[in-house]
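Hi there,

Here is the structure I promised to send over. Have a look at it first, and then read my notes below.

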Amino acid sequence: MPRNLHPEIRSRIVGQSQAGRSVAEIAADIPCSKKTVRRWIRRFAEGGDNALQDHRQNNHGPRKIGPEQVQALVDAVSDRPFGTIQEAINTANVQISERTARRRLNEAGYYYQPVHKIPLHYVKNNNYIERIVRNYINIDFTIHFRLSREIANELIARFEKSDIFTSLQGILL
């Protein structure tokens with residue numbers, strides 16, 4: 001069932017009603033609920049053809065916040081770019097959900113990327129290549145890295161001779 005009927009379907013409901021079909025037959029034909037059929041027949045009786053038109057922009061409900069409040073939200077995000085959406089909502093003092101805030105920020109060109117939770121404790125494998133990779137048998141090495149150990153060693157040797165490697169050593173040391 002559609003969430004909101006298009007004006008053409010609303011007109012079909014009214015037309016079928018005027019042709020003498022019952023509410024149950026129209027609801028089965030469209031398909032929609034009997035309540036919806038009764039609603040559009042009543043609205044047509046009260047307002048004529050104009051009542052069947054959709055007066056909302058893009059078939060959405062009215063905006064919950066105006067342009068000034070959207071600008072306050074954008075300013076709050078600009079002031080604290082690494083804050084949460086809820087902090088920006090509180091700073092801007094607007095009464096909207098986080099989802100609505102994300103939509104308005106996306107429309108303004110601010111794309112929110114949630115910060116993934118960083119584990120408080122993680123095991124770091126120091127000297128992974130020297131301790132672990134060195135002990136791989138050749139087939140495991142090939143499966144894991146998708147190239148043979150010989151080709152990997154040749155690529156490492158070439159990289160160590162390159163200008164990039166020497167410049168990186170100066171930066172990292």
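Let me start with Gln 16, which is buried, with a relative accessible area of 14%. In these notes, buried means under 20% relative accessible area, exposed means over 50%, and partly exposed is in between (1.4 Å probe, protein chains only). Please keep in mind that this is a predicted model, where local features need pLDDT of at least 70, side-chain atom pairs count only at pLDDT 80 or more, and totals for chains, interfaces and linings use all residues. Residues are numbered from 1 along each chain as its sequence is written, and side-chain values use heavy atoms, with hydrogens and water left out.

Gln 16 belongs to helix H1 (residues 7-18); helices here are DSSP runs of H or I with at least four residues, strands are runs of E with at least two, and both are numbered from the N terminus. Its side chain makes a polar contact with the side chain of Asp 29, at 2.8 Å. By polar contact I mean a pair of N or O atoms within 3.5 Å; within protein, one must be able to donate a hydrogen and the other to accept it, and residues adjacent in sequence count only if both atoms are side-chain atoms. Leaving aside neighbours within four places in sequence, Gln 16 is in contact (heavy atoms within 4.5 Å) with Arg 21, Ile 26 and Asp 29.

Now the overall picture. The chain has 10 helices and zero strands, and buried residues make up 22% of its 173 residues.

On to the cores. The largest nonpolar core has 14 residues, and Leu 73, Ile 89, Val 94, Ile 96, Ala 101 and Leu 105 are those with the most contacts inside it. Such a core is a set of buried Ala, Val, Leu, Ile, Met, Phe, Trp, Tyr and Cys residues joined through side-chain atoms within 4.5 Å. Helices H4 (67-79), H5 (85-92) and H6 (98-107) each supply at least two residues of this core, and H4 gives the most, with five residues. Apart from this core lies another, of 11 residues, with Leu 5, Ile 30, Cys 32 and Val 37 among them.

Ile 30 also takes part in a cis peptide bond with Pro 31, where omega is about -10°. You will find Pro 31 in the loop between helix H2 (23-29) and helix H3 (34-47).

If you like aromatics, the structure holds two aromatic pairs. Rings of Phe, Tyr and Trp (its six-membered ring) pair if their centres lie within 6.5 Å; planes under 30 degrees apart count as stacked, over 60 as edge-to-face and the rest as tilted. Tyr 136 and Phe 145 have ring centres 6.2 Å apart and planes at 40°, so the pair is tilted. Phe 141 and Phe 145 have ring centres 4.8 Å apart and planes at 45°, so this pair is tilted. Phe 141 is buried, at 7% relative accessible area, whereas Phe 145 is partly exposed, at 33%.

Finally, which residues other than glycine have a positive phi? Asn 93, with phi near 55°, sits in the loop between H5 and H6 and counts as exposed at 60% relative accessibility. Arg 146, with phi near 60°, lies in the loop between H8 and helix H9 (149-161) and is exposed, with a relative accessible area of 72%.

Best wishes
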